[in-house]
Amino acid sequence: MTPETLPLPRWDLSPIFPSLDSETFQNAFEALLTQMDALAARAEAYGVRRRETSDVTPEFISQFEEMTSRFNELLRRLRVVRAYIHCHTTTDAQNDVAQAWASRLDMRMTLLSQLQTRYTAWVGTTDIEALLRESETARSHEYAVRLAKERSAHQMTEGEEDLSAELAVSGVSAWAKLHGTVSALLATTVMVEGEARALPISSVRSLAHHPDRETRRRAYEAELAAWESVSVTMAAALNGVKGFQSVQHRRRHYANDVEPTLTANGVDAETLAAMQAACVESFPDFHRYLAAKARALGVERLAWYDVTAPLGQATAAWSWEDAEGFIRRQFGRYSSWLADFADTAFRERWVDAEPRVGKEGGAYCTGLRPGESRVMMNFDGSFTSVSTLAHELGHAYHNLNLKDCLPLQNRTPSTLAETASIFCETLAFEAAYAEADPAGKLVLLDTTLERDTMVVVDIHSRFLFEKRVFERRAERDLSVAEFSELMTQAQRETYGSGVFPLHPYMWAVKGHYYGPTFYNYPYTFGLLFGLGLYRRYQAEPDAFRDRYDAFLSSTGLADAATLAAGFGINTREIGFWRSSLDAVRDRITEYEALIP
């Protein structure tokens with residue numbers, strides 16, 4: 001039996017709620033709405049909005065502590081209900097019941113967004129130093145309180161913020177939903193091993209890992225044709241999303257479209273500049289890798305469909321049982337607790353791994369109840385999929401460490417949210433690499449360098465693309481041709497001349513463009529920060545273990561620079577980022593040496 005024919009697991013959501021039609025779920029949903037209305041009523045009674053005086057009185061402290069407690073409780077309940085619905089909509093685009101629940105919740109989320117905006121203004125226009133002195137609740141939420149001060153300075157008027165939240169449901173959120181639905185339902189036919197197969201687009205993209213170059217080429221061409229068939233729809237969606245976001249940024253008086261993401265991601269401009277400068281410096285090293293891979297594949301230069309091509313047969317031989325066993329063993333090399341965590345995730349069926357029509361591509365981890373998560377992925381039998389599994393379980397392990405934090409204390413920025421996932425990927429890679437023979441080492445190096453290329457080189461191309469889209473979208477809508485040209489221009493600047501043809505429709509593929517602004521650079525931060533932490537683990541394993549879980553449990557309590565300083569890391573200095581990239585350079589040199 002081959003990995004393609006083995007039954008792959010679907011997750012078990014029944015411990016959360018029996019079903020979307022169950023009385024238990026419906027009661028929880030209605031209770032959530034009731035709680036939201038009660039919060040709105042209390043906010044109105046307390047005048048929760050931008051304050052005319054910053055005084056901190058005993059009455060205000062009492063109201064602040066009550067409102068903070070109510071927000072935490074509501075957000076805790078919301079996460080369970082919302083994530084449960086999301087698990088259904090992302091794995092079955094034709095589930096009308098799930099879509100109806102999601103739509104109903106989205107409509108009510110407008111009220112919560114408005115309340116959160118008012119709460120931010122209320123806290124942010126208070127004398128927060130006095131509040132921190134007088135309130136234990138404020139001290140335990142200090143980072144959130146200080147963020148409220150910063151964010152309130154960029155708010156529009158209350159009426160404008162309310163209108164923006166109401167319009168988002170039928171505006172930016174609707175465009176994002178359209179992209180997700182169209183992507184999940186997109187399918188095409190590809191010739192594989194002499195047979196015409198009708199496949200969901202996620203499976204077509206997975207054929208980029210197929211050992212046969214002709215199959216990869218056909219899949220690439222079929223994929224481009226499929227995205228072209230929906231490109232007008234996707235262009236309308238992307239224009240809608242970026243237009244909405246651009247107007248918000250201008251009305252909130254941000255200097256540019258990147259600036260609002262810095263606070264959201266827990267970094268500053270100096271950190272971002274240092275990291276990106278180090279990445280650009282490293283591109284010639286990645287070009288060495290791409291040239292070496294071309295030699296290994298026996299081609300003059302790589303096509304886009306060769307970038308993730310496997311070397312040897314090992315990457316195409318993983319069954320799900322092999323993947324589970326591998327993850328358990330490698331996690332166990334770090335600690336018994338991490339291994340026990342993996343056992344729990346597999347035993348309780350936290351993972352949905354089966355590709356199918358109606359299921360979105362890619363992978364994600366979502367937290368549900370405290371310490372409990374679900375992982376969505378599309379397993380294809382490659383080692384890349386095994387790495388993805390380790391990555392997403394790293395997110396779930398991070399969620400486990402955050403289980404005792406209140407919702408307003410565990411809002412981990414994307415930059416730090418990638419830390420545990422990258423660490424777990426690296427942990428698995430290093431352990432496997434140490435045991436592999438030369439042929440196996442080449443396969444493993446190729447797999448991890450593919451990931452590094454995606455996260456450093458490709459992610460930077462996406463950053464350049466999005467930045468230029470914002471610049472042009474401020475003036476007018478962009479056409480399909482313009483989106484595609486901006487995409488390939490950014491790819492040429494980062495991949496160099498070592499890859500051709502490129503992927504002009506990557507802007508339609510990646511759902512992140514249709515969600516948070518500049519989702520991309522936090523992944524690079526996460527990779528390089530995770531590699532830097534791994535080096536510290538190698539130097540002092542016992543001391544590192546003692547600090548690492550405490551770090552993961554505090555990622556919503558301070559910005560990245562502050563938390564990194566606890567490990568002796570200065571994120572504002574290019575030297576740290578260079579040192580992390582040195583680990584990648586070492587791998588590239590080893591890779592070149594293994595290729596005849």
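Is E430 buried, partly exposed or exposed? E430 is partly exposed, with a relative accessible area of 22%. Here, buried means under 20% relative accessible area, exposed means over 50%, and partly exposed lies in between (1.4 Å probe, protein chains only).

The views below show a predicted model, in which local features need pLDDT of at least 70, side-chain atom pairs count only at pLDDT 80 or more, and totals for chains, interfaces and linings use all residues. Residues are numbered from 1 along each chain as its sequence is written, and side-chain values use heavy atoms, with hydrogens and water left out.

**View 1. The whole chain.**
The protein chain holds 25 helices and five strands. Both kinds of element are DSSP runs, numbered from the N terminus: helices are H or I with at least four residues, strands are E with at least two. The C-alpha trace spans about 75 × 50 × 50 Å along its principal axes. A compact globule of 596 residues would have a radius of gyration near 25 Å, and the 24 Å of this chain agrees. That radius is taken over C-alpha atoms, and the globule rule is 2.2 Å times the number of residues to the power 0.38. Of the 596 residues, 59% count as buried. The accessible surface comes to about 23900 Å², and 52% of it belongs to carbon and sulfur atoms. Accessible areas come from the Shrake-Rupley method with a 1.4 Å probe; for residues, only the protein chains shown count as cover. Among contacts (heavy atoms within 4.5 Å) with a separation of 6 or more, 78% join residues 24 or more positions apart.

**View 2. E430 and R587, a pair between two helices.**
E430 forms a salt bridge with R587, and their closest N and O atoms are 3.2 Å apart. The pair links distant parts of the chain: E430 sits in helix α18 (residues 419–435) and R587 in helix α25 (residues 574–594), 157 residues apart. A salt bridge is a side-chain nitrogen of Lys or Arg within 4 Å of a carboxyl oxygen of Asp or Glu. R587 counts as buried, at 6% relative accessibility. A search of the whole structure finds 53 salt bridges.

**View 3. R10 and E354, a pair across the sequence.**
The closest N and O atoms of the R10–E354 salt bridge are 2.6 Å apart. R10 lies in the segment before α1 (23–45) and E354 in the loop between β3 (351–352) and β4 (364–367), so the pair ties together parts that are 344 residues apart in sequence. R10 is partly exposed, with a relative accessible area of 44%. E354 is partly exposed as well, at 22%.

**View 4. D458 and R462, a pair within one helix.**
Here the side chains of D458 and R462 meet in a salt bridge of 2.6 Å, N to O. The two residues are four apart in helix α19 (residues 438–473), so about one helical turn separates them. Both D458 and R462 are buried. Elsewhere, salt bridges that share partners join R10, D352, E354, R356 and K359 into one network.

**View 5. The nonpolar cores.**
A nonpolar core is a set of buried Ala, Val, Leu, Ile, Met, Phe, Trp, Tyr and Cys residues joined through side-chain atoms within 4.5 Å. The largest has 138 residues, and I327, F465 and W507 have the most contacts inside it. Helix α19 gives the most to this core, with 12 residues. Leaving aside neighbours within four places in sequence, W507 is in contact with residues including M234, L238, F465, F483 and Y513. Apart from this core lies another, of 48 residues, among them F64, A83, Y84 and A148.

R77 lies in helix α2 (residues 58–91). At 37% relative accessibility, R77 is partly exposed. Beyond its neighbours within four places in sequence, R77 is in contact with L32 and Q35. A polar contact of 3.1 Å joins the side chains of R77 and Q35. Such a contact is a pair of N or O atoms within 3.5 Å; within protein, one must be able to donate a hydrogen and the other to accept it, and residues adjacent in sequence count only if both atoms are side-chain atoms. R76 also lies in helix α2. R76 counts as partly exposed, at 36% relative accessibility.

**View 6. S335 between two helices.**
S335 is found in the loop between α14 (320–334) and α15 (336–347). S335 is buried, with a relative accessible area of 17%. A polar atom of its side chain lies 3.0 Å from the backbone nitrogen of L338.
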